Amino acid sequence: MKLTIIPCLNEEKTIPICIQIAKENKVKIIKVKGKGYGNTLIEGTKNAKGKCVIMGDADDSYNFLELKEFLEKLEEGYDLVIGNRYQGKIEKGAMKFTHKWIGTPILSFFVRKKYHVNIYDINCGLRGYVREKMIGIDCQAKGMEYATEMIIKAQQNNLKIIEIPINFYKDKRNKKSHLKTISDGIRHLQLIHNNK
């Protein structure tokens, strides 16, 4: 059984689109006390009931109908499957220039160099993982840096990781992104540097 976790904050315009594929299923809504991307995903994972989990953003930038390869890789025995937007199609306007060509490539390089994990898009928010394995590596990051911590700790705990091509679409919320380029980037760098 596979579960999907969709972290949400003021995304009332796009969340109906994201959950439309699950409209005939029972959708469990979790209200998380503390704010933060990582906090939401940690609590969502703990509250999920399935063996495997798919996580993805609620801004309709990922197409939840394009999950076939994620499910196949989980069935093959991978513990963590990460999307790579650079290997797929990135819709025009979907990523800021600085995120696309500076932030994500540099952070991904540092993670590859220090932790010897073959991941080129550490900030991709579309991922699949084995629930118990993810709980077992005990991620703690409350913000966006959770995405990096997940990869680092999965590698440190010898989880089986693979990256697959995905498509990335323009945010449909018509709102300013929650991403804070400088502060989020600094927290990512601190996490990369401080993990042993």
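Let's start at Ser 108, which sits in helix α4; helices here are DSSP runs of H or I with at least four residues, numbered from the N terminus. This is a predicted model, where local features need pLDDT of at least 70, side-chain atom pairs count only at pLDDT 80 or more, and totals for chains, interfaces and linings use all residues. Residues are numbered from 1 along each chain as its sequence is written, and side-chain values use heavy atoms, with hydrogens and water left out.

Ser 108 is buried, at a relative accessible area of 0% (buried is under 20%, exposed over 50%, partly exposed in between, with a 1.4 Å probe and protein chains only). Its side chain reaches the backbone oxygen of Tyr 120 at 3.3 Å. Beyond neighbours within four places in sequence, Ser 108 is in contact (heavy atoms within 4.5 Å) with Ile 119, Tyr 120, Asp 121 and Ile 122.

Now go one residue along, to Phe 109, also in helix α4. Phe 109 is partly exposed, with a relative accessible area of 41%. Phe 109 belongs to a nonpolar patch on the surface, together with Phe 97, Trp 101, Ile 102, Ile 106, Phe 110 and Leu 189. Helix α4 (residues 97-115) supplies the largest share of that patch, 6 residues.

What about the inside? The largest nonpolar core has 46 residues, and Phe 70, Leu 80, Val 111, Leu 126, Tyr 146 and Met 150 touch the most other members. Helix α6 (residues 146-156) gives the most to this core, with 5 residues. Setting aside neighbours within four places in sequence, Leu 80 has contacts that include Met 134, Met 150, Ile 151 and Ile 161.

Notes. Patches are made of residues with over 30% relative accessible area and no salt bridge: like charges are joined within 9 Å, nonpolar side chains (Val, Leu, Ile, Met, Phe, Trp, Tyr) within 5 Å. Accessible areas come from the Shrake-Rupley method with a 1.4 Å probe; for residues, only the protein chains shown count as cover. A salt bridge is a side-chain nitrogen of Lys or Arg within 4 Å of a carboxyl oxygen of Asp or Glu. Helices (H or I, at least four residues) and strands (E, at least two) are DSSP runs, numbered from the N terminus. A nonpolar core is a set of buried Ala, Val, Leu, Ile, Met, Phe, Trp, Tyr and Cys residues joined through side-chain atoms within 4.5 Å. A polar contact is a pair of N or O atoms within 3.5 Å; within protein, one must be able to donate a hydrogen and the other to accept it, and residues adjacent in sequence count only if both atoms are side-chain atoms.
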